[in-house]
Amino acid sequence: MLRPLLAAALLAVLALPVGASGSPIVPQLTATVTAKSITLVGADGKRVRVLQPNTYKIVVRDRTKAQNFHLVGPRVNRKTTTAAKTTKVWSIYLQPGSYGYRSDRNTRLSGAFIVAGSPPA
């Protein structure tokens, strides 16, 4: 009984995408905030609309002291400060649900996406 379970677990680990270092590949998203815009794009450079549940590396490039980047969703509430220009790297598990991002100082600077589907095997 134990052998089939161990074999299945080993196959699941071997099926994970890995990079040259041998560690699993973590998808990257890039958030950019300027005085007049806020965006969240994938590796292809396109605005994020729908994602799969997964752990994501989010690079936040806050280019202005006037605004900030604030990501809110299921079990997520992360933000940069408005007092400094900064680049932050977050590692966040995004589970199914609706997410929004915005500047806390300018409500017109906002966007949203959904996470749907099953986590990668």
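A residue is called buried when its relative accessible area is under 20%, exposed when over 50% and partly exposed in between (1.4 Å probe, protein chains only). The model is predicted, so that local features need pLDDT of at least 70 and side-chain atom pairs count only at pLDDT 80 or more, whereas totals for chains, interfaces and linings use all residues. Residues are numbered from 1 along each chain as its sequence is written, and side-chain values use heavy atoms, with hydrogens and water left out.

Strands are DSSP runs (E, at least two residues) numbered from the N terminus, and two of them pair if DSSP finds at least two bridges between them. Strand β5 (residues 70–73) runs antiparallel to strand β6 (residues 76–79), to which four bridges join it, and Val-72 has Asn-77 of β6 as its bridge partner. The two strands form a hairpin with two residues between them, and Arg-75 in the turn has a positive phi of about 60°. β5 also pairs in the antiparallel sense with strand β8 (residues 97–102), over three bridges, and His-70 stands opposite Arg-102 in β8.

Rings of Phe, Tyr and Trp (its six-membered ring) pair if their centres lie within 6.5 Å, and planes under 30 degrees apart count as stacked, over 60 as edge-to-face and the rest as tilted. Four aromatic pairs are found in the whole structure. The rings of Tyr-99 and Phe-113 are stacked because their centres are 5.2 Å apart and their planes at 5°; this pair links Tyr-99 in β8 to Phe-113 in strand β9 (residues 110–115), 14 residues apart. Phe-113 is buried, with a relative accessible area of 3%.
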